[in-house]
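Open your viewer and get your selection tool ready. We will go stop by stop, with a short note on what to select each time.

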Amino acid sequence: MTAYLLKRLIIAAVTLVLASTVVFAVMEILPGDPARLMLGFNASADQVELLRNQMGLNAPLPLRYLHWAGGLLSLDFGRSYTYSVPVIDLVRERVVVSLPLALIALALSTVIAIPVGLFSASRQGRAGDALAMGAAQLGVAVPNFWFALMLIYLFAVWLRLVPAGGFPGWGAGAWPAVKSLLLPAVALALPQAAILARVARSALIEVLNEDYIRTARAKGLPYRAVLWRHALRNAMIPVLTILGLQFAFLLAGTIIIENVFYLPGLGRLVFQAITQRDLIVVESVVMLLVAAVIAVNLLVDFSYAVVDPRLRSRQ
């Protein structure tokens, strides 16, 4: 078990270093001069050069990378060119929106998908299976921003049950804040639930054809008990894989939804920083999201060993 965990930690560390190199290189080759954008196109060349020196943009690339990467290790993300505040302060302000949104969406996705997958697998080839998988296929095909617009029209414009957008802040109370995240979370969760339901169904059907399932049934165990106690746990490896990928997507890929609902989250911050050529914000937030994705995948790898003891014995 120790060797298994150590191997995964080494892979995660190497991945993080490679990802930081790629992120820094991509940001450097993007067109546009941050100093020129900040001063405006009427600024003189001397003024632009002076600002570039103050921002450290004229330093050699390897030195700039080492300075930036070293700052990341100490949670010193630098100072935003546009907002003139530490990037870590911007992250703190926005993560309290994006993280709860991702967690609520992931919870909704799981609560919807697992029962649907179980229902469909237990009725393989029947009308209920076809209906459930047809709905799942529709959920995969329809983009989440369309779901978002339909939810806004139905629940915010027509029924007026929830706000159409914006975020009042957690200082306004837990329920008003959660209420403003419900529609975005549902819009994010529906396509992910459709994917997860299809994966859960396929994994369960494969497990239900195993010999030990037939043995359990032959001993007289009720089908429901076999399905929940034996089949579901052994089908969790692919389900956990998809859950890890989905949480990473929900945390890092909410730019469209946050813009549709006008939420001040990390996705919207990255979008604004890209348009403003605020390189230090883009680099730091993207690397923070990359680190979160790697950490989630690492937890998923650890959960494999918990769910399936055979993995521990192989190591």
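**Stop one: an exposed arginine**

Select Arg160, which is exposed, with a relative accessible area of 69% (exposed means over 50%, buried under 20% and partly exposed in between, using a 1.4 Å probe and protein chains only). Keep in mind that this is a predicted model, in which local features need pLDDT of at least 70 and side-chain atom pairs count only at pLDDT 80 or more, while totals for chains, interfaces and linings use all residues. Residues are numbered from 1 along each chain as its sequence is written, and side-chain values use heavy atoms, with hydrogens and water left out.

Arg160 sits in the loop between helix H7 (144-158) and helix H8 (174-208); helices here are DSSP runs of H or I with at least four residues, strands are E runs of at least two, and both are numbered from the N terminus. Its phi is near 55°, a positive value in a residue other than glycine. Most residues other than glycine have a negative phi.

**Stop two: another positive phi**

Now go to Ser84, in the loop between H4 and helix H5 (87-122). Ser84 is not a glycine, yet it has a positive phi of about 55°. At 42% relative accessibility, this serine is partly exposed.

**Stop three: a buried serine**

Next, pick Ser20 in helix H1. Is Ser20 buried or exposed? Ser20 is buried, at 6% relative accessible area. Show side chains, and you will find that of Ser20 in a polar contact with the side chain of Tyr65 at 2.7 Å (a pair of N or O atoms within 3.5 Å, one able to donate a hydrogen and the other to accept it; residues adjacent in sequence count only if both atoms are side-chain atoms). Leaving aside residues up to four places away in sequence, Ser20 touches Tyr65, Trp68 and Met287, where contact means heavy atoms within 4.5 Å.

**Stop four: annotated spans**

Colour residues 95-119, 140-161, 237-257 and 285-307, which an unreviewed UniProt entry lists as "transmembrane region"; such annotations may be inferred rather than shown by experiment. Residues 95-119 are 100% helix and 0% strand, with end C-alpha atoms 36 Å apart. Over residues 140-161, the chain is 77% helix and 0% strand, and the end C-alpha atoms lie 27 Å apart.
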